Amino acid sequence: MDFTFPPEDDTFRRHARAWLDTHPPGPSGRDWERTLGEGGWIGLGWGDTPYGNRTATLTQQIVWAEEYARTENTPPRPGHIGENLLAPTLLTHGTPAQQSRFLPGIARGETIWCQGYSEPGAGSDLAAVRTTATRDTTGPYRLTGQKIWTSHAHEADWCFVLARTEPGSQRHHGLSLLLVPMDQPDGRVEVRPIRQLTGTSEFNEVFFDGARADPDHVVGGEGNGWRVAMDLLAAERGVSTLAQQIGFEAELELVIQQSSPHDPLLRDRLVRQWAELRTMRWNALRTLGGDAPAAPSVAKLLWGGWHQRLGELAMAVRGAAGTVGPYDWSEERPYELDPLQRLFLFSRADTIYGGSDEIQRTIIAERVLGLPREARGQ
């Protein structure tokens with residue numbers, strides 16, 4: 001297979017790099033999203049629709065993602081969930097009214113979204129969600145329940161929520177995907193940050209206590225939430241995987257810089273990490289844009305384990321010094337970590353979040369190898 005990019009993509013790459021060089025991000029993630037929208041860099045993969053900005057081929061989307069990842073000081077984007085997860089789902093399953101209502105705000109970088117999927121007891125087993133959404137014949141939906149590990153919930157304007165709309169339904173039956181505003185009166189939506197091993201709080205708990213959702217904001221129709229949710233998860237493993245690998249390259253280079261060239265065992269592990277990263281890139285390029293049923297699961301298994309092993313290797317390279325923080329303890333700095341320590345601690349979750357390794361292997365076994373389905377309780 002030819003992994004080269006067409007010549008016109010070189011021009012696109014130079015343009016993207018020049019724009020990033022002349023538009024440094026500010027301290028506010030929201031302001032940066034608006035800058036990206038004004039520059040026409042949101043919605044490159046939305047195809048021939050009236051809602052995106054510039055039109056870009058699949059390889060040009062890869063070029064943009066790679067250049068963004070390579071540029072120093074570009075922050076993690078709070079708008080990527082709306083752009084890369086919800087928008088493709090609305091373009092596939094949404095009504096014209098839903099598309100015209102929500103896509104322009106995402107394209108302009110003005111609306112931040114979060115994803116209400118995982119729950120306590122229903123993380124990787126998404127069909128076990130218990131959050132309910134009920135309504136009478138004329139009123140709005142009323143949501144009650146809890147979501148967890150919700151990225152950007154503390155700054156989001158809206159949340160797409162997988163909830164049970166059919167009373168008494170079980171597993172993947174009776175679910176719907178609802179678009180829910182986060183700013184609601186009387187404590188109907190409460191967000192609580194979750195402090196992690198790294199000392200930071202990227203994830204949140206979200207509690208819905210009678211939160212309202214418009215009946216016109218059910219994506220794909222009531223009761224079709226499982227199919228819509230699965231299509232959305234498939235979109236999660238797209239061009240962003242290749243951009244993620246650029247970040248992995250930078251982390252691997254940092255580990256290499258701090259390693260000893262005289263230790264043959266560590267040198268062997270570093271070479272293996274480098275070779276596996278290259279293999280992941282070829283695999284991502286090979287499957288991009290295809291319809292292989294388990295390609296997203298294979299990709300998640302590959303990068304989750306790889307990144308976790310890199311964190312372990314970082315601590316092996318540091319040796320005993322890796323157990324000591326970069327600064328002396330003080331009340332002002334009670335929990336300081338250097339980049340490699342943060343890598344090690346954060347990567348412990350890589351094989352769990354986004355669908356645990358066990359779930360990914362089950363998908364591969366059932367959908368690719370054709371093995372008997374695992375027995376599940378009713």
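Contact here means heavy atoms within 4.5 Å. With that idea in hand, the structure can be read from the whole chain down to single residues. This is a predicted model, in which local features need pLDDT of at least 70, side-chain atom pairs count only at pLDDT 80 or more, and totals for chains, interfaces and linings use all residues. Residues are numbered from 1 along each chain as its sequence is written, and side-chain values use heavy atoms, with hydrogens and water left out.

The secondary structure of the chain amounts to 11 helices and 8 strands; helices (H or I, at least four residues) and strands (E, at least two) are DSSP runs, numbered from the N terminus. The chain has a radius of gyration of 22 Å, close to the 21 Å that the globule rule gives for 378 residues, so it is as compact as a globular protein of that length. This radius is taken over C-alpha atoms, and the globule rule is 2.2 Å times the number of residues to the power 0.38. Along the principal axes, the C-alpha atoms of the chain fill a box of roughly 75 × 55 × 45 Å. Of the 378 residues in the chain, 46% are buried, where buried means under 20% relative accessible area, exposed over 50%, and partly exposed in between (1.4 Å probe, protein chains only). Among contacts in the chain with a separation of 6 or more, 70% come from residues 24 or more positions apart.

Two packed helices are described by the angle between their axes and the distance between the axes. Axes are lines fitted to C-alpha atoms, for helices over the stretch in contact, and angles run from 0 to 180 degrees between N-to-C directions. The axes of helix 8 (residues 264-287) and helix 9 come within 10 Å and cross at roughly 160°, which makes helix 8 roughly antiparallel to helix 9. In these terms, angles under 35 degrees count as roughly parallel, over 145 as roughly antiparallel, 65 to 115 as roughly perpendicular and the rest as oblique. Helix 8 passes helix 9 in a left-handed crossing; a crossing is left-handed if the near helix is turned anticlockwise from the far one by less than a right angle, and right-handed if clockwise. The residues that meet here include L266, R269 and L270 of helix 8 and W303, W306 and E312 of helix 9. By class, this contact of helix 8 with helix 9 has 13 nonpolar, 3 polar and 4 charged residues. Ala, Val, Leu, Ile, Met, Phe, Trp, Tyr, Cys and Pro count as nonpolar, Asp, Glu, Lys and Arg as charged, and the others, Gly among them, as polar.

Helix 9 (residues 295-318) also packs with helix 10 (residues 339-347), at an angle of about 140° and with the axes 8 Å apart. That angle makes helix 9 oblique to helix 10, and the crossing of the two is left-handed. Among the residues that meet are H307, G311 and E312 in helix 9 and L340, F344 and S347 in helix 10. The contact of helix 9 with helix 10 has 6 nonpolar, 5 polar and 2 charged residues. A further partner is helix 11 (residues 357-367), whose axis comes within 9 Å of that of helix 9, with a crossing at roughly 145°. The crossing of helix 9 and helix 11 is left-handed. Here S297, V298, K300 and L301 of helix 9 touch D357, Q360, R361, I363 and I364 of helix 11, a set with 4 nonpolar, 2 polar and 3 charged residues.

E312 belongs to helix 9 and is partly exposed, with a relative accessible area of 32%. Leaving aside neighbours within four places in sequence, E312 is in contact with R269, F344 and R348. E312 and L340 are 28 residues apart in sequence and 9.5 Å apart in space, C-alpha to C-alpha. G37, in helix 2 (residues 29-38), is buried, with a relative accessible area of 9%. Not counting residues up to four places away in sequence, G37 touches I42, N53, A107 and R108.

Most residues other than glycine have a negative phi. H152, however, has a positive phi of about 65° although it is not a glycine; H152 lies in the loop between strand 3 (141-147) and strand 4 (158-164) and counts as buried at 15% relative accessibility. R171, likewise not a glycine, has a positive phi of about 55°. R171 sits in the loop between strand 4 and strand 5 (175-181) and, at 22% relative accessibility, counts as partly exposed.
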